[in-house]
Amino acid sequence: MTDRRFISAILAASVLVLPACTSNNASSDSGSGSSWIPSLPSLGSSSSELPEGIGVNGFLWRASLDTINFMPLEEVDPFGGVIITDWYANPQMPTERFKLTVYILDTRLRADALAVNVFRQVRSEAGDWIDAPTSDQTAIDIENAILTRARQLRISSLDN
């Protein structure tokens, strides 16, 4: 299971980095041979500009990953805008665990372009995990944290 998560993370990173690599072979006038310069995608200067290689708003995507970085990732789809975490249990509360699904629904940086589902389980006395309800406020708080981080990323891109 850990190998699968590691491979998924590597694949997701390569999806973001490899399409942004550019080759200077055709534009090189010096004749000094072939060379390439990797170019990482930028977050752009407007909310409509996207990093190359993903199909959703780059600010929301990066902010989502930053906000839930303490949780193990199970599935990451930058083209469809879906992030699914694996179960996470706070070490201080080992009888309770959470799982998140984050959906980025638009290419624009908007509050309604983000949806978070929170799943919670508690451990029974027999040791089985049982689904438990979550407060609607939990998902709203996570969405607000992601939106706040996305705004910070957007503002920092304007300063550069």
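Let's start with Arg-120 and Glu-96, which form a salt bridge with their closest N and O atoms 2.6 Å apart. By salt bridge I mean a side-chain nitrogen of Lys or Arg within 4 Å of a carboxyl oxygen of Asp or Glu. Helices (H or I, at least four residues) and strands (E, at least two) are DSSP runs, numbered from the N terminus.

Are these two buried or exposed? Arg-120 is partly exposed, at 22% relative accessible area, while Glu-96 counts as buried, at 17%. Here buried means under 20% relative accessible area, exposed means over 50%, and partly exposed is in between, using a 1.4 Å probe and protein chains only.

Before going on, a word on the model: it is predicted, so local features need pLDDT of at least 70 and side-chain atom pairs count only at pLDDT 80 or more, whereas totals for chains, interfaces and linings use all residues. Residues are numbered from 1 along each chain as its sequence is written, and side-chain values use heavy atoms, with hydrogens and water left out.

Now, please look at helix H2 (residues 58-67). Which residue there pairs with Arg-62? The partner is Asp-66, and the closest N and O atoms are 3.0 Å apart. Because they are 4 residues apart in the helix, Arg-62 and Asp-66 are separated by about one helical turn. Arg-62 is partly exposed, at 36% relative accessible area, and Asp-66 is partly exposed too, at 23%.

Asp-66 also has a salt bridge with Arg-149, again 3.0 Å from N to O. That one connects distant parts of the chain, with Asp-66 in helix H2 and Arg-149 in helix H3 (residues 136-159), 83 residues apart. Arg-149 is partly exposed, with a relative accessibility of 29%. Through shared partners, Arg-62, Asp-66 and Arg-149 join into one network. Across the whole structure, the search finds 6 salt bridges.

Finally, how confident is the predictor? pLDDT is its confidence in each residue, from 0 to 100. The protein's mean is 77, and 66% of its residues reach 70 or more.

Methods: pLDDT is the predictor's confidence in each residue, from 0 to 100.
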